[in-house]
Amino acid sequence: MGLFSKIFSNTRKPEGFWGRMIVAGMNGGSHGAMASWGLDFANVPAEGEIIDIGCGGGANLARLMGRSLHAKVTGVDYSRVSVEKTRKVNADAIAEGRCQVLEASVAGLPFKDDTFGMATAFETVYFWPEIEKSFAEVRRILSPGGIFLIVNEDDGLSGNNEKWEKMIEGMHTYTPDELRTHLAAAGFRDVTVHRNESKHWLCITTVK
Ligand SMILES: C[S@@+](CC[C@H](N)C(=O)[O-])C[C@H]1O[C@@H](n2cnc3c(N)ncnc32)[C@H](O)[C@@H]1O
């Protein structure tokens, strides 16, 4: 594995020194503008429970709390490095009881059925295992009518996907049609695709 590949594989599961560097980078750069663009397509509930899956450096938990008056926000990530960074970034909200962060994989979310009014996934579904099973697991923990928001920096149509998939083992840059099909197979309805065609950003909203 080349050095670039070794470094960028930390976007899939941040670990060790390079993982900490990559996670710090996730909270800056283009991720913030893209996350805000995506969040504009969904009504963030004013109360109840919201979950951000694959929360990385935790900046999107803060964004979600900024867009919701009272909702309690949970972050999950299967990387210990990501969980630690997210806890640091949201320490005040955690102390106030408005936020919690858990180490867990989307493949087995440690929550009861019908818990959350909204689930978000920024820049992470590329790495999820058995995508339809992962989507079904998200659907399970959403309450009926709950919203699932996916935001990806690459819509699978940019021509860059092969380069990234070669560099980062286990990554798949889904096209809008692929995601639509997998979400429907997992039982989601009202799948709506939003794109920024010049930047190749992709946002999908769908409902349990
Ligand atoms: C590219 S980062 C994006 C982080 C953050 N959502 C953002 O937009 O800045 C991808 C994150 O998804 C997490 N992730 C990947 N696969 C996961 C899985 N199966 N379960 C939970 N987290 C996962 C990684 O550990 C990493 O922190």
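A helix axis here is a line fitted to C-alpha atoms, taken for helices over the stretch in contact. Angles between axes run from 0 to 180 degrees between N-to-C directions. With that in hand, helix α2 (residues 16–26) and helix α5 (residues 80–89) can be described: their axes come within 9 Å and cross at roughly 45°. The structure is a predicted model. The chain holds 9 helices and 7 strands. Its radius of gyration is 16 Å, close to the 17 Å from the globule rule for 208 residues, so the chain is as compact as a globular protein of that length.

**Overall dimensions**

- The C-alpha trace of the chain spans about 45 × 35 × 30 Å along its principal axes.

**Helices α2 and α5**

- Angles under 35 degrees count as roughly parallel and 65 to 115 as roughly perpendicular. The α2 and α5 helices are therefore oblique to each other.
- Their crossing is right-handed.
- On the α2 side, the contact involves Gly19, Arg20 and Val23. On the α5 side, Val81, Ser82 and Lys85 take part.
- By class, the residues of this α2 contact with α5 are 2 nonpolar, 2 polar and 2 charged.

**Helices α3 and α4**

- Helix α3 covers residues 29–39, and helix α4 covers residues 59–67. Their axes come within 11 Å and cross at roughly 40°.
- That angle makes α3 oblique to α4.
- The α3 and α4 crossing is right-handed.
- From α3, the residues that meet α4 are Gly32, Ala35, Ser36 and Leu39. Their partners in α4 are Ala59, Asn60, Arg63 and Arg67.
- The residues of the contact of α3 with α4 comprise 3 nonpolar, 3 polar and 2 charged.

**Helices α7 and α9**

- Helix α7 (residues 131–141) packs against helix α9 (residues 176–185) at an angle of about 55°. The two axes are 8 Å apart.
- Helices α7 and α9 are therefore oblique to each other.
- The crossing of α7 past α9 is right-handed.
- Helix α7 brings Ile131, Glu132 and Phe135 to the contact. Helix α9 brings His182, Leu183 and Ala185.
- The residues of the contact of α7 with α9 split into 4 nonpolar, 1 polar and 1 charged.

Note on methods. Residues numbered from 1 in each chain as written. Predicted model: local features only at pLDDT ≥ 70, side-chain atom pairs only at ≥ 80, totals over all residues. Helix = DSSP H or I, 4+ residues; strand = E, 2+ residues; numbered from the N terminus. Parallel < 35°, antiparallel > 145°, perpendicular 65-115°, else oblique. Left-handed = near helix turned anticlockwise from the far one by under 90°. Contact = placed C-beta atoms within 7 Å. Nonpolar A, V, L, I, M, F, W, Y, C, P; charged D, E, K, R; others polar. Rg over C-alpha atoms; globule rule 2.2 N^0.38 Å.
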